[in-house]
Amino acid sequence: MSKAFDSKQVGLFIASGIALCVLPFVVGGALGNSWVRIVDFALLYVMLALGLNIVVGFAGLLDLGFIAFYAVGAYTYALLGSPHFGIHWPFYVTIPLGALFAAFFGILLGTPVLRLKGDYLAIVTLGFGEIIRIFMNNLNAPVNITNGPQGINLIDPIRVAGADLGSPINLFGMSLPPVYLYYYLFLVLTVIVVIMASRLQHSRIGRAWVALREDQIAASAMGINIRNIKLLAFALGALSGGVAGGLFSAFQGFVSPESFSLLESIMILAMIVLGGMGNIAGVILGAVVLTIAPEILRDVIGPLQMKTMGRMLIDPENARMLLFGIAMVVMMLVRPEGMLPSKRRKAEFKDAKEAAAQKG
């Protein structure tokens, strides 16, 4: 039985790997390179969601300012790889530096909020995220550091072994556009983040996070250093956000404070809740769905109105967000534990429903 199970696992792994390798060619051939670009962003959001899942899903610390770490990573890469300061360091230096700076800011955020939890923690982290965005927006005087609301452009693309990922590359007689090249880079780094998150989840640290999430007082009584375990959650979550931010900066070639608004933090949190908080597979599914589904709605709503009514009654962007919001509300009412919940979370919701039914 175990051998058959192992062979199935290996077969599924190989099939998944092949599917992911050919995905950009399938999507690009059927829908165009603009959709490959959307898939690239989906991978970035997977990295972000997995980072926030460490803080929220594993440790149970509600963080509404996670986008700040994304911004730190993005601006670190932009400042060290653009004509803004005349610095053009390679990506294998700037991206790790951005990740380390993001982890430092994670510790900086975690230190003063060690005694906070629940709504109070959410409000403080929300404020932290807004402070970082406002700093990025105003650090253009008296010394121009971030170029303010105008942002930083002409950011260096990533170069690997002399190959510029910002330009098409000829390989085996095929011309691979930049969105394909970045897809494979993002895919490799996403797999690394998934492995890291999985190893953490099943480690002693992961079990300590679960104990912290379930009952902080009991965890402390068991000998868990609450201070260190909280700071570690903030730092490791921010580390993943910093990596994603650096990749975003290189991919876009431009960053500005507008890319790091509160709505982005809420969207990342929604990916975790919708997919299945604490479950890595669920978080990945939630990130992919909430990245791609709105784009599908954007392409469908406008033409559908013109075809059925002959004119545009509702702006496609407003209609897209309206339908998206309705879908989220329905999902939380019908399946609050998420699309792919962890076994523990599924059992918790089941117990809560049974307890409510007994009281009723």
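Reader: Hi! Which residues do ring pairs link into a cluster here?
Author: Ring pairs join Phe41, Tyr70, Tyr75, Tyr182, Phe186, Phe248, Phe251 and Phe260 into a cluster. Rings of Phe, Tyr and Trp (its six-membered ring) pair if their centres lie within 6.5 Å; planes under 30 degrees apart count as stacked, over 60 as edge-to-face and the rest as tilted. Bear in mind that this is a predicted model: local features need pLDDT of at least 70, side-chain atom pairs count only at pLDDT 80 or more, and totals for chains, interfaces and linings use all residues. Residues are numbered from 1 along each chain as its sequence is written, and side-chain values use heavy atoms, with hydrogens and water left out.

Reader: Thanks! And how many aromatic pairs does the structure hold?
Author: It holds 16 aromatic pairs. One of them is Phe186 with Phe251, edge-to-face at 5.5 Å centre to centre and 75 degrees between the planes.

Reader: Where do those two sit in the chain?
Author: Phe186 is in helix α6 (residues 178-201) and Phe251 in helix α9 (residues 226-252), so the pair links distant parts of the chain, 65 residues apart. Helices (H or I, at least four residues) and strands (E, at least two) are DSSP runs, numbered from the N terminus.

Reader: Are Phe186 and Phe251 buried or exposed?
Author: Phe186 is buried, with a relative accessible area of 0%, and Phe251 is buried too, at 8%. Buried means under 20% relative accessible area, exposed over 50%, and partly exposed in between (1.4 Å probe, protein chains only).

Reader: Nice. What about Phe248 and Phe260?
Author: They form an edge-to-face pair, 6.1 Å centre to centre with 80 degrees between the planes. Phe248 belongs to helix α9, while Phe260 lies in the loop between β8 (254-255) and α10 (262-275), twelve residues apart. Phe248 is buried at 6% relative accessible area, and Phe260 counts as buried at 2%.

Reader: New topic: what does Thr291 touch?
Author: Leaving out residues up to four places away in sequence, Thr291 touches Ile38, Phe41, Ala42, Tyr45 and Met271. A contact means heavy atoms within 4.5 Å. Thr291 is found in helix α11 (residues 280-309) and is buried, with a relative accessible area of 10%.
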